[in-house]
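Hi,

Here is the structure I promised to pass on.

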Amino acid sequence: MAIRINCINKSYGYHQDPHHAIENVGWVNEETGKTGRSTRLEIYDWLKTQNGTAYVKDSTGNVAYVGTREHSNGTKFVQTYADKVWTDNLLSLPECV
């Protein structure tokens with residue numbers, strides 16, 4: 001199953017970097033139309049242990065896939081990867097309402 005992440009919610013407070021601030025993501029399965037929300041750690045685990053696929057798409061249809069990362073202090077987070085570079089596409093998404 002593949003999902004397109006279409007919004008994020010950030011937690012407040014100090015974070016090592018902005019990706020750690022992502023608390024929840026909103027998503028849609030474009031094949032079935034199913035939508036949902038998941039925590040950053042739920043998405044991390046789904047991608048890492050269940051071979052899930054997640055991506056973001058910009059207004060022109062370009063796709064950046066979401067990968068799992070781990071900070072040196074052990075914080076698990078997700079980030080987009082495009083053109084062989086870790087990118088900030090998730091941080092560009094609107095807030096989930």
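This is a predicted model: local features need pLDDT of at least 70, side-chain atom pairs count only at pLDDT 80 or more; totals for chains, interfaces and linings use all residues.

D83 sits in the loop between β6 (76–82) and β7. Its phi is positive, about 50°, although D83 is not a glycine. Most residues other than glycine have a negative phi. D83 is also exposed, with a relative accessible area of 74%; exposed here means over 50%, buried under 20%, and partly exposed in between, using a 1.4 Å probe and protein chains only. Strands are DSSP runs of E of at least two residues, helices are runs of H or I of at least four, and both are numbered from the N terminus.

Residues are numbered from 1 along each chain as its sequence is written, and side-chain values use heavy atoms, with hydrogens and water left out.

N51 is another one to look at: not a glycine, but with a positive phi of about 55°. You'll find N51 in the loop between α1 (40–49) and β4 (53–57). N51 is exposed, at 67% relative accessible area.

Now the cysteines. How many disulfides does the structure hold? It holds 1, counting a disulfide as a pair of cysteine sulfur atoms within 2.5 Å. The bond runs from C7 to C96, with 2.0 Å from S to S. It ties together distant parts of the chain: C7 belongs to strand β1 (residues 2–10), C96 to the segment after β7 (85–87), and the two are 89 residues apart. The torsion about the S-S bond of C7 and C96 is about 100°, so the disulfide is right-handed. Are its two ends buried or exposed? C7 is buried, with a relative accessible area of 12%, and C96 is buried too, at 9%.

M1 is exposed, with a relative accessible area of 58%. Leaving out residues up to four places away in sequence, M1 touches N29, W46, G52 and T53, where contact means heavy atoms within 4.5 Å. From M1 to G74 the separation is 73 residues in sequence and 27 Å in space, C-alpha to C-alpha.

As for the whole chain, there are 1 helix and 7 strands, in the order β-β-β-α-β-β-β-β along the sequence. The radius of gyration is 13 Å, close to the 13 Å that the globule rule gives for 97 residues, so the chain is as compact as a globular protein of that length. That radius is taken over C-alpha atoms, and the rule is 2.2 Å times the number of residues to the power 0.38. Along its principal axes, the C-alpha trace spans about 35 × 30 × 25 Å.

Of the 97 residues, 40% are buried. Among contacts with a separation of 6 or more, 46% come from residues 24 or more positions apart. The chain exposes about 5,900 Å², and carbon and sulfur atoms supply 47% of that; the areas come from the Shrake-Rupley method with a 1.4 Å probe.

Cheers
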